[in-house]
Amino acid sequence: MNSTLFIIGVIGNIISVLVFISPSPTFWRIVRSRSTEDFEAAPYVLTLLNTLLWLYYGLTKPDGLLIATVNGFGAVMETIYLVLFLVYAADKGKRVKTAKLVAVLDIGFFGVVFAATTFAIGGLDIKIMVIGLICACLSVFMYGSPLAAVRRVITSRSVEYMPFFLSFFLFLNGGVWATYAILDKDVFLGVPNGTGCFLGAIQLVIYAVYMNSRVASHSHGSDEAASLLSSEASKHGQHDASTRV
């Protein structure tokens, strides 16, 4: 591995770590309230599956150490999140649903992929291709999932439900790993991360377009509040004057 590729991979690791730890405030809230409230476990179940598959890909591919290390960290973090989710589930039904998702996807699906590629596929190149293709498909799906928030932003003309830093780090993460993939000539890593960079850029553009709408809305609300306060103050002033008379 040349030095440029290694440096870009390290930068990608750092950014990915920031993405993986970004849900920590949510889970700190869950621990403090001792309830998962209305939070859903599905995104964390899918992210754990994604990190497990990329970890396997990194361990299988020669010179895939940097891919393996960051996804190993991600798998540990997502496992912690899901354990906390199971412990503090708001009700038994949510706990059972989460456990089923983990069993089917993170254990069942990953187990099938691992067994099939280990025992049914002999050549290393074919094994890397199959694992990479599965990883790429799942990553494209995951990168596209935040676009659901874009529709809400356009409809409400407010960026309240599309956090800027999440979109920014996803864009940055996709861009860095896409660059790494180009230098490493890894199409399976490049396609999903290039897609992620593009979709992240769309989210940032949408944020820039509707950011002022939120400010304008808040300013309008503040003007109304100021007008109301002024009116109330005027009424109180009249009342005080009549009392003094």
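The accessible surface of the protein comes to about 13,800 Å². Carbon and sulfur atoms hold 69% of that surface. Accessible areas were computed by the Shrake-Rupley method with a 1.4 Å probe, and for residues only the protein chains shown count as cover. The model is predicted: local features need pLDDT of at least 70, side-chain atom pairs count only at pLDDT 80 or more, and totals for chains, interfaces and linings use all residues. Residues are numbered from 1 along each chain as its sequence is written, and side-chain values use heavy atoms, with hydrogens and water left out.

The secondary structure comprises 9 helices and 0 strands. The order from the N terminus is α-α-α-α-α-α-α-α-α. Helices (H or I, at least four residues) and strands (E, at least two) are DSSP runs, numbered from the N terminus. Of the 245 residues, 39% are buried. Buried means under 20% relative accessible area, exposed means over 50%, and partly exposed lies in between (1.4 Å probe, protein chains only). Among contacts (heavy atoms within 4.5 Å) with a separation of 6 or more, 77% join residues 24 or more positions apart.

Helix 3 spans residues 42–60. Its 19 residues reach 27 Å from first C-alpha to last, close to the 27 Å expected at 1.5 Å a residue. The expected span is 1.5 Å times one less than the number of residues. Helix 3 is largely enclosed by the rest of the structure, because 14 of its 19 residues are buried.

A nonpolar patch lies on the surface. Ile-14, Leu-18, Ile-21 and Phe-73 form this patch, with about 310 Å² of accessible area together. Patches are made of residues with over 30% relative accessible area and no salt bridge; like charges are joined within 9 Å, and nonpolar side chains (Val, Leu, Ile, Met, Phe, Trp, Tyr) within 5 Å. Helix 1 (residues 3–21) gives the largest share of the patch, 3 residues. Leu-18 is found in helix 1. Leu-18 is partly exposed, at 36% relative accessible area.

Lys-94 belongs to helix 5 (residues 92–120). Lys-94 is buried yet has no salt bridge. A salt bridge is a side-chain nitrogen of Lys or Arg within 4 Å of a carboxyl oxygen of Asp or Glu. The nearest side chain of opposite charge, Glu-40, is 4.7 Å away. Lys and Arg count as positive and Asp and Glu as negative; His and the chain ends are not counted. Not counting residues up to four places away in sequence, Lys-94 touches Thr-36, Glu-37, Asp-38, Phe-39, Phe-85 and Ala-89.

Asn-173 sits in helix 8. Asn-173 is buried, with a relative accessible area of 9%. Beyond neighbours within four places in sequence, its contacts are Gly-12, Ile-15, Ser-16, Val-19, Tyr-143 and Asn-193.

Ile-154 lies in helix 7 (residues 148–156). Ile-154 is partly exposed, at 41%. Ile-154 and Ile-206 are 52 residues apart in sequence and 8.0 Å apart in space, C-alpha to C-alpha. With residues up to four places away in sequence left out, Ile-154 touches Ile-206 and Tyr-210.

Two loop residues have positive phi. Arg-34, not a glycine, has a phi of about 55°. Arg-34 lies in the loop between helix 2 (24–33) and helix 3. Arg-34 counts as exposed at 60% relative accessibility. Lys-185 is a residue other than glycine with phi near 55°. Lys-185 is found in the loop between helix 8 (164–184) and helix 9 (187–244). Lys-185 is exposed, with a relative accessible area of 75%.
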